[in-house]
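I opened this notebook to record what I looked up in the structure, entry by entry.

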Amino acid sequence: MSAKYRHLFEHHMKSFFVNASDPTHVRLLKLEILTNIATESNIGVLLREFQTYVYSSDKEFAAATVHAIGRCAADISEITDVCLHGLMNLISTKDDTVVGESVIVIKKLLQMQSSDKSNHYQ
């Protein structure tokens, strides 16, 4: 619903920020909504919020956040390089889950960029 009716959710974005008391399934749902309503105008705020989420002790949520960053990078081309740089920084963290998911997302983004460039040369 948030993807289809993005305009209805955008003005309430901060209501979907994750609270420490939220159970994992609520965190994941809020993360999905935030990712669906990401635009060029609000992505800076969302990425700053996501930066705190990747250090969550909830490993499933932290991993989902890394993938959310990747989805935003894929959907909003203006921030792809910024997201790639941030994901590269996450590789040096001590959290194996975040490191592994960051590598996966970086690989996917680089493959997307590579296929986009090869399509321009044909």
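**Entry 1: a charged pair**

I began with Lys 30, which counts as buried because its relative accessibility is 13%, where buried means under 20% relative accessible area, exposed over 50% and partly exposed in between (1.4 Å probe, protein chains only). Lys 30 forms a salt bridge with Asp 22, and the closest N and O atoms are 2.8 Å apart; I take a salt bridge to be a side-chain nitrogen of Lys or Arg within 4 Å of a carboxyl oxygen of Asp or Glu. Asp 22 is buried as well, with a relative accessible area of 13%.

I note that this is a predicted model, in which local features need pLDDT of at least 70 and side-chain atom pairs count only at pLDDT 80 or more, while totals for chains, interfaces and linings use all residues. Residues are numbered from 1 along each chain as its sequence is written, and side-chain values use heavy atoms, with hydrogens and water left out.

**Entry 2: the second bridge**

How many salt bridges does the structure hold? I find two. Besides the pair above, Asp 95 and Lys 59 meet through their side chains in a salt bridge, at 2.7 Å from N to O. This pair links distant parts of the chain, since Asp 95 lies in the loop between α5 (80-90) and α6, Lys 59 lies in helix α4 (residues 59-75), and 36 residues separate them. Asp 95 counts as buried at 15% relative accessibility, whereas Lys 59, at 39%, counts as partly exposed.

**Entry 3: the helices**

I then went through the secondary structure and found six helices and zero strands in the protein, where helices (H or I, at least four residues) and strands (E, at least two) are DSSP runs, numbered from the N terminus. Of the 122 residues of the protein, 42% count as buried.

For the packing I looked up axes, which are lines fitted to C-alpha atoms, for helices over the stretch in contact, with angles running from 0 to 180 degrees between N-to-C directions. The axes of α2 (residues 24-36) and α3 (residues 43-53) come within 11 Å and cross at roughly 155°. That makes α2 roughly antiparallel to α3, given that angles under 35 degrees count as roughly parallel, over 145 as roughly antiparallel, 65 to 115 as roughly perpendicular and the rest as oblique. The crossing of α2 and α3 is left-handed, meaning that the near helix is turned anticlockwise from the far one by less than a right angle.

The axes of α4 and α5 come within 9 Å and cross at roughly 160°, and α4 and α5 are therefore roughly antiparallel to each other. Here too I recorded a left-handed crossing, as α4 passes α5.

Is Val 98 buried or exposed? Val 98, which has its place in helix α6, is buried, with a relative accessible area of 1%. Val 98 and Leu 87 are 11 residues apart in sequence, and their C-alpha atoms are 9.3 Å apart in space.

Val 103 is also found in helix α6 (residues 96-121), but Val 103 is partly exposed, with a relative accessible area of 42%. Met 88, Ile 91 and Val 103 make a nonpolar surface patch of about 240 Å²; patches are made of residues with over 30% relative accessible area and no salt bridge, with like charges joined within 9 Å and nonpolar side chains (Val, Leu, Ile, Met, Phe, Trp, Tyr) within 5 Å.

How values were computed
Accessible areas come from the Shrake-Rupley method with a 1.4 Å probe; for residues, only the protein chains shown count as cover.
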